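This briefing is for a reader who is new to the structure. Please look over the sequence and the model before reading on.

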Amino acid sequence: MFLKIGLAIFSTLILSCGTTEKQPQTTSTSETTSSETTSSTETMDPQKMMAAGYLLGTIVYSDKEGDCPYTIQMPGDKMEFYYLDPINLEETYKKDGQKVWIKFNGLRRMNRCDKATPAEITDIKKGG
């Protein structure tokens, strides 16, 4: 339990120490198709995403009792994983096995499930 909380706090501190340099923004219109969005996310460079403060995770669905329906499996140290319980995961990302780049804040609240730490997603993008 303390390991999960410590890991969530450590991750939050690492993410809050991100770079403050301005990233070039591209203008987007409301007429962007989903295929254009998918193709732009597939070409994202992992090093650039990590430098921008994103972490790569995998959406995991579970229907077991005591589990959260959707969690995000995050890589940990020594080939181990930890799980986040995203309280604000959008419906478009609720697909088992989908890779996502996320920025998140750990939450100090009671866990909704046994294996995952509550987190608020501040930004999310489809991964490759």
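In what order do the elements of the chain run from the N terminus on? The order is α-α-α-β-β-β-β-β, which amounts to three helices and five strands. The model is a predicted one.

**Chain as a whole**

- The chain has 128 residues, and 28% of them count as buried.
- Its accessible surface comes to about 9200 Å², and carbon and sulfur atoms account for 54% of that surface.
- Among contacts with a separation of 6 or more, 60% are between residues 24 or more positions apart.

**Salt bridges**

- A search of the whole structure finds two salt bridges.
- One of them joins R112 and D85, with 2.6 Å between the closest N and O atoms.
- This pair links distant parts of the chain, its residues being 27 apart: D85 is in strand β3 (residues 81-86), and R112 is in the loop between β4 (99-106) and β5 (116-126).
- A salt bridge also forms between the side chains of E91 and K94, at 3.1 Å from N to O.

**Exposure of the paired residues**

- D85 counts as buried because its relative accessibility is 2%, and buried means under 20%.
- R112, the partner of D85, is partly exposed, with a relative accessible area of 48%.
- E91 counts as exposed because its relative accessibility is 62%, and the cut-off for exposed is over 50%.
- K94, which meets E91 in a salt bridge, counts as partly exposed at 27% relative accessibility.

Notes: Residues numbered from 1 in each chain as written. Predicted model: local features only at pLDDT ≥ 70, side-chain atom pairs only at ≥ 80, totals over all residues. Heavy atoms only, no water. Helix = DSSP H or I, 4+ residues; strand = E, 2+ residues; numbered from the N terminus. Buried < 20%, exposed > 50% of the residue type's maximum accessible area, 1.4 Å probe, protein only. Contact = heavy atoms within 4.5 Å. Areas by Shrake-Rupley, 256 points an atom, 1.4 Å probe, with all protein chains shown as cover. Salt bridge = Lys/Arg side-chain N within 4 Å of Asp/Glu carboxyl O.
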